[in-house]
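User: I am new to this structure. Please walk me through it in short questions and answers.

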Amino acid sequence: MNKLILTADSGSTKTDWLLHDGQQLTARISTQGINPFMLDSKGIAQILRDELLTDELFRMPDVVAFYGAGCRGELCNVVELALRRAIPSAQEVTVGSDLLGAAIALCGKRDGIACILGTGSNSGLYIKGEVVENVSPLGYILGDEGSGAVLGRRLIGDVLKGMMPATICRDFSEEYGLTVDEIIQRVYREPLANRFLASFAPFLSRHRKEDAIHALLTDEFARFFRRNVMAYGRKDLPVSFVGSVAYFFQDELKDVAKELGLSVGRILKNPLDAWGKG
């Protein structure tokens, strides 16, 4: 008899859930984000009851594997407790970081370097099914090289200081209509500045053939590789990615990797792209 396996990929905003009967994908659903930095086990269990378990398909899994932002150390226990209370049918419950979930989706049973390039960035050396080394991403102020937030931060800084070509500055102004004061307000005085900054990634994509934008992208991806990936000293291993930035800018990413003597493995927009295949 096949086991029912419930797998989750969670961020602070959204959690995606997949239910497999053996290797067969049977259901998929999204709920609000579950991050133990922001929620205690009671709050997490409430989300599960209100948004996940209203669908009877998700009430009786044998195995639950949850990978999410904020799931580190003791905070993993917060999520595990909530899952066990809300889903008593689960005989096995595993909680790990979003980086571990990405590594499993990207590398499976093979060794490699797994990276996240989305709103933020992260990387880890994945050996024998575990993330054995992790260069701290440090967030979009101190780190997060190559992320959507940092790319957006650099773009805005260059536009506002007049360091981008006039045509790009004009296009930016016409498309967004933001004043300097409005940008300062969003970045320094309102929450979720990282998401605001990352929201300019589509502009970068549309202008990627412009020399100045191309240079910005390749320079920032080179910074990501040098300050994160190359720290592991394993040029023999493929470097794989999940995340929207990696997915939409994969041509630039591959070009930079080649120049640095690195090989790129898989690139997925979302870990579910791998898990959803069973």
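This is a predicted model: local features need pLDDT of at least 70, side-chain atom pairs count only at pLDDT 80 or more; totals for chains, interfaces and linings use all residues.

User: Which helix holds Glu220 and Arg223?

Analyst: Helices are DSSP runs (H or I, at least four residues), strands likewise (E, at least two), numbered from the N terminus. Glu220 and Arg223 are three residues apart, about one turn of the helix. Both lie in α10.

User: Is Glu220 buried or exposed?

Analyst: Buried means under 20% relative accessible area, exposed over 50%, and partly exposed in between (1.4 Å probe, protein chains only). Arg223 is partly exposed, at 29%. Glu220 has a relative accessible area of 0%, so Glu220 is buried.

User: Which residues are joined into one network with Glu220 and Arg223?

Analyst: The network is built from salt bridges that share partners. Besides Glu220 and Arg223, its members are Arg154 and Asp219.

User: How many salt bridges are there?

Analyst: One of them pairs Glu190 with Arg186, at 3.3 Å, N to O. Glu190 is partly exposed, at 33%, and Arg186 is partly exposed too, at 34%. The count of salt bridges comes to eleven.

User: Where do Arg84 and Glu80 lie?

Analyst: Arg84 forms a salt bridge with Glu80, the closest N and O atoms being 2.9 Å apart. Arg84 is partly exposed at 36%, and Glu80 is partly exposed at 24%. They sit four residues apart, about one turn of the helix, and both are in α2 (residues 75-86).

User: Which residues of helix α6 are buried?

Analyst: Helix α6 covers residues 166-176. Ala166 and Glu174 are exposed, on the other side of α6. The buried residues are Ile168, Cys169 and Phe172.

User: Why do the buried residues of α6 line one face of the helix?

Analyst: The view is down the axis of α6. The arc is that of the directions from the helix axis to the C-beta atoms. The buried residues line one face because they fall within an arc of 100°.

User: What do the buried residues of α6 pack against?

Analyst: Packing here rests on contact, meaning heavy atoms within 4.5 Å. The partners of the buried α6 residues are α5 (148-160), α9 (201-206) and α10 (211-227).

User: Which residue just after α6 takes a positive phi?

Analyst: The phi value is about 60°. The residue is Gly177.

User: How many aromatic pairs are there?

Analyst: Rings of Phe, Tyr and Trp (its six-membered ring) pair if their centres lie within 6.5 Å; planes under 30 degrees apart count as stacked, over 60 as edge-to-face and the rest as tilted. Phe224 and Phe241 form a tilted pair, 6.2 Å centre to centre, with 45° between the planes. The count of aromatic pairs comes to twelve.

User: How many residues apart in sequence are the parts that Phe224 and Phe241 tie together?

Analyst: Phe224 is buried at 0%, and Phe241 is buried at 0% as well. Phe224 lies in helix α10 and Phe241 in strand β9 (residues 239-242). The pair therefore ties together parts whose separation in residues is 17.

User: Which kind of pair do Tyr247 and Phe248 form?

Analyst: Tyr247 is partly exposed at 35%, and Phe248 is partly exposed at 41%. Their ring centres are 5.2 Å apart and the planes stand at 85°, so the pair is edge-to-face.

User: How many disulfides does a search of the whole structure find?

Analyst: A disulfide is a pair of cysteine sulfur atoms within 2.5 Å. The search of the whole structure finds zero.

User: How far from Cys107 is the nearest cysteine sulfur?

Analyst: Cys107 is in no disulfide. Cys107 is buried at 12%, and Cys115 is buried at 0%. The nearest cysteine sulfur to Cys107 is that of Cys115, at 9.0 Å.

Terms used
Residues are numbered from 1 along each chain as its sequence is written. Side-chain values use heavy atoms; hydrogens and water are left out. A salt bridge is a side-chain nitrogen of Lys or Arg within 4 Å of a carboxyl oxygen of Asp or Glu.
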